[in-house]
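Please look through the points below with the model open beside you. Each point takes up one feature.

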Amino acid sequence: MRSDDRLQRRRHSLAHLLGAALVDMYPGTKLAIGPATDDGFYYDALLPSPLSVDDLPVIEQKMRDIAPAWTLFDRRVISVNEARDLFANNPYKLELIDQIEKEGSDLSLYTSGDFTDLCGGGHADSLQEVCMDGFTLRSVAGAYWRGDEKNDMLTRVYGLAFDSREDLESHVQMLEEAKKRDHRTLGKKLGLFSFSPLVGPGLPLFTPRGTALRHAIEQALSVLLDRHGYERIWIPHLAKQDLYEQSGHWDKFGDELFSVQGRHDSFVLKPMNCPHHTQVYASSPKSYHDLPVRYAEQTTVYRDEQKGELLGLTRVLSLTQDDGHIFCTPDQIEDEVASTISFIETWYRALGFFKGDDCTILLSTRGGDREKYLGDDATWQHAEQVLADALRKKGLSFSEEPGEAAFYGPKIDFHFKDSIGRTWQLATIQLDFVMPERFSLTYVDTDGKKKTPVMIHRAVTGSIERFLGIMIEHFAGVFPFFLAPLQVRVLPINPDAHAYAHEVLATLRSHGIRADADLAHEPIGKRVAKAYAEHLPYRVVVGSKEAERRSVTLEHGESKEVISLADCCERFARENDVFS
RNA sequence: GCCACCUUAGCUCAGUCGGUAGAGCACUCCCAUGGUAAGGGAGAGGUCGUCGGUUCAAAUCCGACAGGUGGCUCCA
């Protein structure tokens with residue numbers, strides 16, 4: 001048995017112990033299920049009265065009190081009828097019994113101490129092998145029976161469990177680190193964005209600092225867009241409902257669309273840009289000479305998410321996409337996909353990713369069930385082949401996910417692991433054989449006949465808001481130079497140096513550096529401390545010595561060097577140019 | 001949307017038993033004119049999320065609403 005499995009068994013055993021404690025302390029409790037999780041266990045139960053986090057230490061103590069009597073997990077197979085009798089007043093267990101009967105599996109009971117639960121097994125031999133210092137109850141939350149919002153809301157008690165106190169403590173430490181670098185906390189501390197109840201939840205407002213950060217990302221992406229031959233377009237944020245009826249999104253997105261009633265027509269706030277972009281393509285006749293056509297736009301879309309699902313910047317109602325659509329011939333797919341992969345690779349390498357195993361690439365293909373997908377076999381086969389070849393030529397390893405493709409075409413997704421080990425899906429490249437058809441897009445081919453182009457949807461960051469949230473947490477607010485909302489702070493030693501400080505600031509700004517100056521009547525030490533607290537990449541300190549020689553003291557963390565103002569500007573410009 | 005919890009100054013938080021509100025940081029002013037991780041002093045800042053109820057009296061107790069936080073099929 002792998003040690004992981006053993007740990008999972010111990011966690012599941014602790015779930016039983018938690019169930020026993022709940023039943024013991026709160027008579028009338030109806031237990032539902034209690035599985036192991038990645039970092040511990042939980043038990044879902046319908047309790048006679050609400051629980052609060054203050055109850056957790058008491059429940060935990062109860063678990064420790066019961067534990068010594070649990071010397072083994074005694075298994076007994078019983079009949080369906082016996083099981084129904086035993087759990088007659090527990091609707092959840094009865095539902096499970098029905099399900100198991102349908103599956104034709106054995107029904108088993110496990111008993112420890114004086115607690116018996118319906119369970120399929122997977123326990124430790126006894127609780128004596130479970131580290132009692134390695135677990136703790138973490139939180140209490142609501143959870144629907146079987147995760148379905150139409151069912152009862154149960155109370156879920158979460159526990160953390162490891163094989164030693166040290167493992168538990170280091171896990172708790174990781175959770176604390178994640179909490180410390182939470183983008184909502186850092187966003188407030190660094191003054192990047194805020195929410196106003198009057199504007200509405202899920203609608204982030206970006207401050208000057210936060211906007212500088214967004215612009216830094218947009219500008220850097222813009223450099224790569226130019227390099228890869230994109231043209232910029234602009235579309236309004238509304239469209240008639242008819243647009244989305246024709247695209248199929250009206251049926252599919254349903255209540256996630258924001259409707260706007262005009263005087264004569266019904267409008268929808270755009271939840272995506274593809275339909276608009278097809279209409280830009282359709283605005284003039286195209287021949288094969290014109291293809292590929294590459295449109296790019298940084299633009300905001302609006303989706304009416306469920307309120308409870310909103311979360312800081314990672315789940316919002318208004319999100320900005322670094323959207324791009326390529327219209328090309330089937331023959332051009334390969335080059336376009338290769339170029340898009342390079343784009344994504346260049347971008348994420350500049351941010352320090354693509355090192356070791358921090359990037360996972362998934363190729364989603366059609367798989368066996370062809371009914372679900374639109375488009376002809378030849379196109380699909382060609383496209384899937386081309387995507388795989390493009391990745392191989394780049395020397396990127398990937399795993400194929402059959403049956404995971406969108407109904408309109410295969411896709412490549414890029415997942416990245418952040419600095420504390422969490423994985424995020426960020427970039428995506430999707431082929432689309434359906435939308436060009438729906439909007440009757442054409443180009444005139446070499447044979448003079450009208451053909452339908454292939455559409456490639458691609459996003460590098462996904463949504464700027466979500467990407468920002470992830471980067472804030474990944475860098476813990478300490479951004480690389482080219483992203484830092486404020487890159488340099490000019491610090492005059494004393495008021496005599498103010499005039500030179502102004503001059504230095506103006507020079508830096510004229511070189512495109514995001515800089516400010518701290519002219520407060522405060523000791524240099526205090527102003528340096530503030531610069532540290534704001535995670536400024538560089539400090540430029542000037543006094544009478546620097547003013548005389550037209551130099552600056554350039555400081556980065558603990559390091560200092562005196563260089564000429566001109567050299568300083570040149571160095572910053574070089575550091576800003578991340579893609580060369 | 002649903003369940004639990006939370007909401008006191010711009011921020012982080014204290015506030016005992018129901019008796020009309022406090023700290024640190026930030027802010028403003030004065031002093032200190034400085035060479036590297038927070039110099040000294042003074043001042044200003046609050047309908048205690050909103051609305052209603054109980055009470056002689058509510059930040060405190062009760063209710064509704066708003067906003068926020070943790071969760072919402074790892075399966076008996």
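Is the crossing of α15 and α18 right-handed or left-handed? The crossing is right-handed. A crossing counts as right-handed if the near helix is turned clockwise from the far one by less than a right angle, and left-handed if anticlockwise.

This is a predicted model, in which local features need pLDDT of at least 70 and side-chain atom pairs count only at pLDDT 80 or more, while totals for chains, interfaces and linings use all residues. Residues are numbered from 1 along each chain as its sequence is written, chains are lettered from A and ligands numbered from 1 in the order in which they are written, and side-chain values use heavy atoms, leaving out hydrogens and water.

1. **The helix pair.** Two packed helices are described by the angle between their axes and the distance between the axes. Helix α15 covers residues 498-510 and helix α18 covers residues 565-576. Their angle is about 35°, and their axes are 10 Å apart. Axes are lines fitted to C-alpha atoms, for helices over the stretch in contact, and angles run from 0 to 180 degrees between N-to-C directions. Helices (H or I, at least four residues) and strands (E, at least two) are DSSP runs, numbered from the N terminus.

2. **Who touches whom.** From α15, the contact uses Tyr 500, Val 504, Thr 507 and Leu 508. From α18, it uses Leu 565, Cys 569 and Phe 572. Contact means heavy atoms within 4.5 Å. By class, six of these residues are nonpolar, one is polar and none is charged. Here Ala, Val, Leu, Ile, Met, Phe, Trp, Tyr, Cys and Pro count as nonpolar, Asp, Glu, Lys and Arg as charged, and the others, Gly among them, as polar.

3. Strand β26 (residues 551-556) runs antiparallel to strand β27 (residues 559-564). Six bridges join them. Two strands pair if DSSP finds at least two bridges between them. Val 552 has Ile 563 of β27 as its bridge partner. Two residues lie between the strands, and Gly 557 takes a positive phi near 60°.

4. **An open sheet.** Four strands line up in the order β1-β2-β7-β6, with antiparallel pairing. β1 (30-31) and β6 are the edge strands, each with a single partner, so one side of each has no neighbour in the sheet. Six bridges join β2 (residues 40-46) to β7 (residues 153-161). In that pair, Ala 45 stands opposite Thr 155. Helix α5 (residues 165-180) lies across β6 and β7, at about 120° to β7.

5. The whole structure holds 39 salt bridges. Each is a side-chain nitrogen of Lys or Arg within 4 Å of a carboxyl oxygen of Asp or Glu. One joins Glu 129 and Arg 10, at 3.0 Å from N to O. Glu 129 sits in the loop between β5 (115-118) and β6 (135-144), Arg 10 in helix α1 (residues 3-25), 119 residues apart. Arg 10 is buried at 15% relative accessibility, while Glu 129 is partly exposed at 29%. Buried means under 20% relative accessible area, exposed over 50%, and partly exposed in between (1.4 Å probe, protein chains only).

6. Arg 214 and Glu 465 form a salt bridge, with the closest N and O atoms 3.0 Å apart. Arg 214 lies in helix α7 (residues 208-227) and Glu 465 in helix α14 (residues 464-474), so the bridge ties together parts 251 residues apart in sequence. Both residues are buried. Arg 64 and Glu 60 also form a salt bridge, at 2.8 Å from N to O. They are four residues apart in helix α2 (residues 56-66), so about one helical turn separates them.

7. **Backbone points to check.** Most residues other than glycine have a negative phi, and most peptide bonds are trans. Arg 146 has a positive phi of about 60°. Arg 146 lies in the loop between β6 and β7. Arg 550 has a positive phi of about 50°, and lies in the loop between α17 (544-549) and β26. The peptide bond from Leu 291 to Pro 292 is cis, with omega near -5°. Pro 292 lies in the loop between α10 (274-281) and β14 (293-302).
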